[in-house]
Amino acid sequence: DLGVFVEGLEQGREMGLDRLRMVAIEPLEHPDLAGLVRTAREMGYTEVEAWTSGRALADVTWADELKEAGLTHLDLPLFGHEADLHDEIAGVRWSFVETLEGIANAVPRFDVRWHLILVAQNVAFIQDIVALAEDKGLGRPVSVLIPSPSSEDRGPYEAFAPRLSEVAEAVAALPGELGPYLLQRGLAHQI
């Protein structure tokens, strides 16, 4: 309901907020996102950010529409440095290709940040993932996250999340200041 969204925006402005962060399953798939962004900007929000996979921005027309509406920031995850790994973790075939196309369209239009989500399948490839992000103009990750269990059933979590000892070993093996940098980005709180 757009009315509820607008009410929330109004309440935020009344509280003095001027930054809006949209976090959902995939905010860029909302059919009226451009209108919502435009409304937020007209109400005085100076920064409007979406947490996204980035895949929807493979459509350059959509990227242009969101830029014109006033979207300022994106935050997206990278799961792997190559298609098979990224797609396996994302659970979507062609996700890697679409994400890279989205990044290519986003970097010249928005302030794009990214976060590294470490799972069992990618912990050995931290350096490669960071190198890919830097090559695509994203720089280093703004945060490093390790999934935590969301239910009492730890079976799926234990198959997905890396062992903390594996993460510590992988970080210790990173060259230069990359390991300490990742620790500062939140990883130290999770190991």
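**Before starting.** I noted that this is a predicted model.

**Entry 1: H2 and H3.** I looked up helix H2 (residues 33–42) and helix H3 (residues 60–69), and their axes come within 8 Å and cross at roughly 20 degrees. Angles under 35 degrees count as roughly parallel, so I wrote H2 and H3 down as roughly parallel to each other. The crossing of H2 past H3 is right-handed. On the H2 side, the contact is made by Leu33, Ala34, Val37, Arg38 and Arg41, and H3 brings Trp62, Glu65, Leu66 and Ala69. I sorted the residues of this contact into 6 nonpolar, no polar and 3 charged.

**Entry 2: H4 and H5.** Next I checked how the axes of H4 and H5 run, and they come within 7 Å and cross at roughly 100 degrees. That angle falls in the range of 65 to 115, so H4 and H5 are roughly perpendicular to each other. From H4, I listed Ala83, His86, Asp87 and Ala90, which meet Ser95, Phe96 and Thr99 in H5. By class, I found 3 nonpolar, 3 polar and 1 charged residues in the contact of H4 with H5.

**Entry 3: the largest pocket.** What volume does the largest pocket have? I noted about 460 Å³. Its lining has 24 residues, and Ile25, Thr52, Ser53, Pro77 and Phe79 lie nearest the centre of the pocket. Strand S3 (73–78), helix H4 (83–90), helix H5 (95–106) and strand S4 (111–117) are the elements that give two or more residues to this lining.

Terms used:
Residues numbered from 1 in each chain as written. Predicted model: local features only at pLDDT ≥ 70, side-chain atom pairs only at ≥ 80, totals over all residues. Heavy atoms only, no water. Axes fitted to C-alpha atoms, helices over the stretch in contact; angles between N-to-C directions. Helix = DSSP H or I, 4+ residues; strand = E, 2+ residues; numbered from the N terminus. Parallel < 35°, antiparallel > 145°, perpendicular 65-115°, else oblique. Left-handed = near helix turned anticlockwise from the far one by under 90°. Contact = heavy atoms within 4.5 Å. Nonpolar A, V, L, I, M, F, W, Y, C, P; charged D, E, K, R; others polar. 1 Å grid on protein atoms, 1.4 Å probe; cavity = no way out; pocket = protein on both sides within 12 Å on 5 of 7 lines; lining within 4 Å. Points joined across faces, edges and corners; volume = space filled by probe spheres on them.
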